[in-house]
Amino acid sequence: MTKTPRVAMPSAPARHGDDLDDAVRILRAGGLVAFPTETVYGLGADAANPEALHRLYSVKGRPASHPVIVHLATGDRDAVARWATGLPPAARALADACWPGPLTLVVPRAEGVPEEVTGGSATIGLRVPDQPVAQRLLARFGGGVAAPSANRFGRVSPTTAGHVRADLGTEVDLVLDGGPCRVGLESTVVDCSLPGPLILREGAVTRDDIESILGHPVELRTDGSRPAPGTLASHYAPRARVVLVTDAEIRSRAAQLTAAGQRVGVLTQQHAQEFPAGVEILEAPVDLDELAHALYGLLRDADVRHLDVLLAVPPPSLGIGAAVADRLTRAAGPSPQPGR
Ligand code: TXA
Ligand code: MG
């Protein structure tokens, strides 16, 4: 759809491996490279190339008004100045404390940043990821890499190279395989473009972390009143209907739905023998970091097992538990797709 030369054969499956020279060549030619980060896999394009960004949006199936995060190499302070008018004090403090890491800062954008990156807004989202393959790619490429999560719009973010291939197949020119993502949930997004910083998306950098770095309370604004696609209710959803329940009711709900002929799965720490026969058990780790790490694989598993309904108990809002509960709530939200 663009003049972009595709390095991979269009009919061949996307190649994988830590093939950084190819990846850099593809990015420079306006192609798309999926790469691992510590949060989820990103679908990368040269952030300075509007044509590459158009292709990125079309492969992702995402509305053009939604901004994308620009990923930068660690230690490249000049890079920040190319994309932003500088970091406001709160953003500077957060960057110093958390970069490289799972934190995206929304700051006033610099002149000349393509509209396709910012979704037409006066701000830009910047992140320095903490993942060796991503860092080598960014350092060799030498520019900003725009990358949304490497899934189709509205679907569960990929946390392995296999997930990316399953979602995007041959539409991506290269998939760099860095193994499973350490964190497993998307980065925390903090809007620092206004005097009072706001958390737009929760993640591994928690509200407590942010408040202790800044030394004052910080509000959450994750209700979608800001333009942030990751904050739509219905994001992060598998095809199975996700229903949030309490620990006390999960067995009786599973029994009712099974009796009604539904194919039911439970995302739970309870023992398999406590559920009626036929209920699929998706074992949820007790440790909250491990749960975050496993969550998207478990949601995909619900679809692999062709579940009609997945019953899930949200974890306590401690540490990364808040972000896990947030994603489960969105997965249980109203569906944008017909027939689900
Ligand atoms: O962990 C992550 O953030 C992953 C990896 C690949 O870095 N990326 C990711 O990208 O999750 P995406 O596009 O799926 O989500 C980016 C989030 C969205 O909620 C978006 O609205 C917000 O960041 N965002 C980016 N730039 C923004 C801006 N200028 N203003 C407000 N929100 C912005
Ligand atoms: Mg996403």
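The legends below describe close-up views of a predicted model.

**View 1. The largest nonpolar core and the elements that supply it.** This core comprises 48 residues, among which Leu 43, Leu 105, Val 107, Ile 124 and Leu 126 touch the most other members. Two or more residues are given to the core by each of strand E2 (42–46), helix H2 (50–60), helix H3 (77–83), helix H4 (89–98), strand E4 (103–108), strand E5 (123–127), helix H7 (161–168) and helix H8 (207–214). The largest share, five residues, comes from H2. A second, separate core holds 26 residues, including Val 242, Leu 307, Val 324 and Leu 328.

**View 2. The surroundings of Leu 105.** When neighbours within four places in sequence are left aside, Leu 105 is in contact with Ala 91, Leu 94, Ala 95 and Trp 99, with Ile 124, Gly 125 and Leu 126, and with Val 190 and Cys 192. Leu 105 is also one of the residues that touch the most other members of the largest nonpolar core.

**View 3. The crossing of helices H10 and H11.** The axes of helix H10 (residues 288–304) and helix H11 (residues 321–331) come within 9 Å and cross at roughly 20°. Because angles under 35 degrees count as roughly parallel, H10 is described as roughly parallel to H11. H10 passes H11 in a left-handed crossing. On the H10 side the contact is made by Leu 288, Leu 291, Ala 292, Leu 295, Tyr 296 and Leu 299, which meet Gly 321, Val 324, Arg 327, Leu 328 and Ala 331 in H11. By class, this contact has nine nonpolar, one polar and one charged residues.

**View 4. Helix H1 and the elements against which it packs.** In helix H1 (residues 20–28), the buried residues are Leu 20, Asp 22, Ala 23, Val 24, Ile 26 and Leu 27. These buried residues pack against strand E1 (33–35), E2, helix H6 (132–141), strand E6 (145–146) and strand E7 (174–175). Just after H1, Gly 30 takes a positive phi of about 90°.

**View 5. His 71 in strand E3.** His 71 lies in strand E3 (residues 69–71), and because its relative accessibility is 3%, His 71 counts as buried, the cut-off for that class being under 20%. Leaving aside neighbours within four places in sequence, His 71 is in contact with Phe 35, Arg 127, Pro 129, Leu 138, Gly 143, Gly 144, Val 145 and Ala 147. The C-alpha atoms of His 71 and Gly 125 are separated by 8.7 Å, although these two residues are 54 residues apart along the chain.

Methods. Residues numbered from 1 in each chain as written. Chains lettered and ligands numbered in written order. Predicted model: local features only at pLDDT ≥ 70, side-chain atom pairs only at ≥ 80, totals over all residues. Heavy atoms only, no water. Core = buried A, V, L, I, M, F, W, Y, C linked by side-chain atoms within 4.5 Å. Buried < 20%, exposed > 50% of the residue type's maximum accessible area, 1.4 Å probe, protein only. Helix = DSSP H or I, 4+ residues; strand = E, 2+ residues; numbered from the N terminus. Contact = heavy atoms within 4.5 Å. Axes fitted to C-alpha atoms, helices over the stretch in contact; angles between N-to-C directions. Parallel < 35°, antiparallel > 145°, perpendicular 65-115°, else oblique. Left-handed = near helix turned anticlockwise from the far one by under 90°. Nonpolar A, V, L, I, M, F, W, Y, C, P; charged D, E, K, R; others polar.
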